[in-house]
Amino acid sequence: MKQRIRNYAAAAGLLLAAVTAAHAANYTAILTGTQEAPPNNAPGIGATVLKFDPDTHILEINVAFSSLSSGTTAAHLHCCTDAPFKGVAGVATEVPTLSGFPLGVTNGAYSNSYNTLLASTWNPAFLSRFGGSTAFAEAALESGLNNGLAYFNIHTSAYPNGEIRGFYTPALVVAAVPEPESIALLGIGLPAMLLLARRRSKNSIKQNNV
């Protein structure tokens with residue numbers, strides 16, 4: 001238990017250091033089936049922390065997930081929906097899936113950084129919407145992240161259109177969706193985000209069965 005707490009503290013230190021970076025903006029999301037469109041009752045749960053620095057053009061994506069109903073087939077960052085925290089949007093990042101994302105598994109973690117000046121970082125269809133300009137694509141993604149119009153989606157064989165997803169919200173800002181604890185989640189790291197999300201999911205199931 002003490003070792004787990006130390007691990008969480010270390011993760012918190014890394015995340016808080018990222019928050020204090022001069023220009024980078026940080027975003028968090030909890031991934032659930034109930035946030036899919038349409039919603040589902042899949043058991044999967046996930047958490048993600050994203051960092052984007054428009055000055056260095058580095059996009060860093062960190063994800064942890066578990067208890068998916070079937071093996072993963074793809075994962076993407078989507079942008080931009082027509083309204084905050086609802087609807088669907090096309091894939092913004094590389095296709096057919098993010099490089100190195102673990103496939104064929106029900107539990108896992110992912111961390112990767114992308115240079116948003118490179119066309120290869122983007123879905124060609126997303127890039128073409130902005131005249132092939134990576135600068136315009138960057139601006140669109142940043143706006144989407146800041147306004148609840150961008151989400152992370154994990155696809156599985158049982159749910160090819162997406163088993164769990166979550167809309168990104170700026171770190172240290174209370175999220176309208178999905179959980180008001182988003183402020184606290186950033187400070188305790190991805191593993192604890194995942195544990196807390198799982199606990200809330202179980203509580204919701206119990207309440208629905210009462």
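Predicted model: local features only at pLDDT ≥ 70, side-chain atom pairs only at ≥ 80, totals over all residues.
**Fold.** I looked up the secondary structure first. The chain holds four helices and eight strands. Read from the N terminus, I get the order α-β-β-β-β-β-α-α-β-β-β-α.

**Burial and surface.** I then took the totals for the chain. Of its 210 residues, 46% are buried.

**Contacts.** I looked at contacts between residues at least 6 apart in sequence; 65% of these join residues at least 24 apart.

**Aromatic pairs.** I searched the whole structure and found seven aromatic pairs. One of them is Phe65 with Phe101, at 5.5 Å centre to centre and with 15° between the planes. I note this pair as stacked, because the planes are under 30 degrees apart. Phe65 belongs to strand S3 (residues 58–66), while Phe101 is in the loop between strand S4 (72–79) and strand S5 (108–115), so the pair ties together parts that are 36 residues apart in sequence.

Phe101 also pairs with Tyr110: I have 5.2 Å centre to centre and 50° between the planes, which is tilted.

Phe65 and Phe101 are both buried. Phe101 has 4% relative accessibility, and Tyr110 is buried with a relative accessible area of 6%. Both values count as buried because the cut-off is under 20%.

I followed the ring pairs on and found that they link Phe65, Phe101, Tyr110 and Phe152 into a cluster.

**Charge over a ring.** My last entry is on Arg165. Its charged end sits over the ring of Tyr151, at 4.4 Å from the ring centre.

Terms used: Residues numbered from 1 in each chain as written. Heavy atoms only, no water. Phe/Tyr/Trp six-rings, centres within 6.5 Å; stacked < 30°, edge-to-face > 60°. Helix = DSSP H or I, 4+ residues; strand = E, 2+ residues; numbered from the N terminus. Buried < 20%, exposed > 50% of the residue type's maximum accessible area, 1.4 Å probe, protein only. Lys NZ or Arg CZ within 6 Å of the ring centre and 35° of its normal. Contact = heavy atoms within 4.5 Å.
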